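Dear colleague,

Please find below the structure that I am handing over to you. My notes on what was found in it follow.

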Amino acid sequence: MRKLVLFTIISVVALCFAASAYAGTLKPGQKTTCTNAKSITLEASGNSSKGDRSNANAVVWLSSSAITVPIALGPAEHNAFKAGAAGAKFVGIRNFHSMGRKKVVLTSQNNFSRGDSIGDISGEVRITNTGTVNLNITCG
C-alpha cells in the first residue's frame, strides 16, 4: 500500500513538471521547441554584451500554418525620447512615451481550426533567438 501511495505522489509531481515545461534560457543563435502548448512565454533577460541594448529578438515558426513570425522585446529601450517625441515639450503636448515590453505571452486559440490563425500555437512551435540578449522561454 505504501509503495502505491509513493508511486502515485511521484507520478503526480512528474506530471505537474511536464505540464509546465520550462524550455530554458536561449542564448543568441540558439533554438528550442514547444509542442502543443497552451501558452508560450518569451522574456528578455539581461543586456547585450556591449551593455547598451536590452532588446531581445526572436523568430517563431508555427507548424500549424507554416508561418514565421518575428517578435522584438525592448524593456529598457526609449530611443532617446526621454521627454516625449521630438519637439513635444516645446508645443505643450503631453508625453506619450512608453518603454518596450519585457515579456510576451502567446496563448492557444481553441476556436480556430488548425492553421486558421497566425497566432495558432497548436502543434510544433520553433523559437530561435536572433537578438543580442538572452531569452527565457516557458512552454505551458
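A residue is called buried under 20% relative accessible area, exposed over 50% and partly exposed in between, with a 1.4 Å probe and protein chains only. This is a predicted model, in which local features need pLDDT of at least 70 and side-chain atom pairs count only at pLDDT 80 or more, while totals for chains, interfaces and linings use all residues. Residues are numbered from 1 along each chain as its sequence is written, and side-chain values use heavy atoms, with hydrogens and water left out.

Overall fold. The chain contains two helices and eight strands, in the order α-β-β-β-β-β-α-β-β-β from the N terminus. Helices (H or I, at least four residues) and strands (E, at least two) are DSSP runs, numbered from the N terminus. Of the 140 residues in the chain, 26% are buried. Taking a contact as heavy atoms within 4.5 Å, residues 24 or more positions apart account for 74% of the contacts with a separation of 6 or more.

Nonpolar core. The term denotes a set of buried Ala, Val, Leu, Ile, Met, Phe, Trp, Tyr and Cys residues joined through side-chain atoms within 4.5 Å. The largest one has 19 residues, and Ile40, Leu42, Ile127 and Ile137 touch the most other members. Two or more residues each come from strands E3 (39-45), E4 (56-62), E5 (67-73), E7 (124-129) and E8 (134-139). E4 supplies the largest share, four residues. Leaving aside residues up to four places away in sequence, Ile40 touches a set of residues including Cys34, Val104, Leu106, Ile127 and Ile137.

Disulfide. There is one disulfide in the structure, the term meaning a pair of cysteine sulfur atoms within 2.5 Å. It joins Cys34 to Cys139, with an S to S distance of 1.6 Å. The link is left-handed, at -45° about the S-S bond. Cys34 lies in strand E2 (residues 31-35) and Cys139 in strand E8, so the pair links distant parts of the chain, 105 residues apart. Both cysteines are buried, Cys34 at 2% relative accessibility and Cys139 at 9%.

Salt bridge. With a side-chain nitrogen of Lys or Arg required within 4 Å of a carboxyl oxygen of Asp or Glu, the count comes to one. The partners are Glu124 and Arg126, whose closest N and O atoms are 3.1 Å apart. Glu124 is partly exposed at 27% relative accessible area, and Arg126 is likewise partly exposed at 39%.

With kind regards
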